Amino acid sequence: MLNLLHGSGQIVEKPDISRGSEHNDYGRGFYCTEQEEMAKEWACKDGADGFVNRYTLENGGLRHLNLSDGRHTVLNWIAILLAHRTFSLASPIAIDAREYIIAHYAIDTSEYDLITGYRADDSYFRYAEAFVENTLPLRGLNKALSLGKLGLQTVLVSPKAFERIRFVDAVPVDKNIYYPKFVARDSQARKTYREEIGKANVFKDDIFVMDILREEMSNDDPRIQRILLE
């Protein structure tokens with residue numbers, strides 16, 4: 001049994017799969033978290049009071065893709081984002097990179113009922129975009145994600161999962177407390193990048209997306225694994 005939270009500007013007693021957008025991180029679904037503080041921040045992300053909706057989900061027999069289980073990499077995460085989110089990719093390198101990463105690193109999420117993975121807040125989405133544009137190396141991207149506090153989200157993506165979720169209650173959330181925390185989380189992520197990533201200018205043993213394209217690197221390439229396991 002999972003205890004899930006959904007931060008929103010309204011009470012959502014009956015989640016509806018048809019109301020989700022295809023252009024969210026993992027496509028159409030109902031986005032939740034097990035982290036209370038994260039849910040409260042997202043309840044007030046528009047600068048208004050909100051609610052944390054609480055649910056239980058009987059997950060026995062559900063097919064669960066957990067991108068944080070150690071069997072997947074940041075490149076799998078980016079591939080899924082590229083398949084769903086709208087990226088501003090203008091350069092030929094970025095366009096080719098998008099096609100290659102989706103083709104070689106994407107996971108067929110249609111086979112799953114639940115997906116757990118990073119939440120692509122604004123700053124982290126920009127990091128992913130910079131990597132695809134060939135301006136941020138793999139080490140910098142991986143370090144930025146590990147240093148930051150993205151939080152994990154669990155997304156219901158199949159009718160079977162929606163049949164299992166049960167509304168418990170909804171708790172009011174004060175915007176005066178949690179909207180500033182929402183803003184501060186993104187600001188801290190940008191500061192972390194500037195202080196810890198931006199000052200690291202040694203790229204000779206790093207990997208840019210152009211290297212992945214030229215060398216046709218796969219997910220299990222030892223050069224990629226070396227950097228991701230640092």
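Helix axes are lines fitted to C-alpha atoms over the stretch in contact, and the angles between them run from 0 to 180 degrees between N-to-C directions. The structure described here is a predicted model.

**Packing of helices α2 and α3**

Helix α2 spans residues 74-84 and helix α3 spans residues 92-105; the two pack at an angle of about 120°, and their axes lie 9 Å apart. This angle makes α2 oblique to α3, because values from 65 to 115 degrees count as roughly perpendicular and only those over 145 as roughly antiparallel. The crossing of α2 past α3 is left-handed. On the α2 side, the contact is formed by Leu75, Asn76, Ile78, Ala79, Leu82 and Ala83, which meet Arg98, Ile101, Ile102 and Tyr105 of α3. Sorted by class, the residues of this contact comprise eight nonpolar, one polar and one charged.

**Aromatic pairs**

Six aromatic pairs are present in the structure. In one of them, Phe30 and Tyr55 have ring centres 5.5 Å apart and planes at 90°, so the pair is edge-to-face. The partners come from distant parts of the chain, with Phe30 in strand β2 (residues 30-32) and Tyr55 in strand β3 (residues 50-57), 25 residues apart. Phe30 is buried, as its relative accessible area is 8%, and Tyr55 is likewise buried, with a value of 1%.

Tyr55 also pairs with Phe167 in an edge-to-face arrangement, with 5.8 Å from centre to centre and 65° between the planes. This pair again links distant parts of the chain: Tyr55 belongs to strand β3 and Phe167 to strand β7 (residues 165-173), 112 residues apart. Phe167 is partly exposed, with a relative accessible area of 28%. Through ring pairs, Phe30, Tyr55, Phe162 and Phe167 are joined into a cluster.

**Buried residues and their contacts**

Three further residues are considered below, beginning with their accessibility.

| Residue | Relative accessible area | Class |
|---|---|---|
| Ile115 | 0% | buried |
| Thr73 | 13% | buried |
| Val74 | 9% | buried |

Ile115 lies in strand β5, which covers residues 114-118. Beyond residues up to four places away in sequence, Ile115 touches Tyr26, His64, Leu65, Leu67, Thr109, Gln153, Thr154, Val155 and Val157. The C-alpha atoms of Ile115 and Tyr26 are 7.7 Å apart in space, although the two residues are 89 residues apart in sequence.

Thr73 is located in the loop between β4 (64-66) and α2. Residues up to four places away in sequence aside, Thr73 touches Asn219, Gln225 and Leu228.

Val74 is part of helix α2. With neighbours within four places in sequence left out, Val74 is in contact with Leu138, Leu141, Asn142, Leu145 and Leu228. Val74 and Leu141 are separated by 67 residues in sequence, while their C-alpha atoms are 8.4 Å apart in space.

How values were computed:
Residues numbered from 1 in each chain as written. Predicted model: local features only at pLDDT ≥ 70, side-chain atom pairs only at ≥ 80, totals over all residues. Heavy atoms only, no water. Helix = DSSP H or I, 4+ residues; strand = E, 2+ residues; numbered from the N terminus. Parallel < 35°, antiparallel > 145°, perpendicular 65-115°, else oblique. Left-handed = near helix turned anticlockwise from the far one by under 90°. Contact = heavy atoms within 4.5 Å. Nonpolar A, V, L, I, M, F, W, Y, C, P; charged D, E, K, R; others polar. Phe/Tyr/Trp six-rings, centres within 6.5 Å; stacked < 30°, edge-to-face > 60°. Buried < 20%, exposed > 50% of the residue type's maximum accessible area, 1.4 Å probe, protein only.
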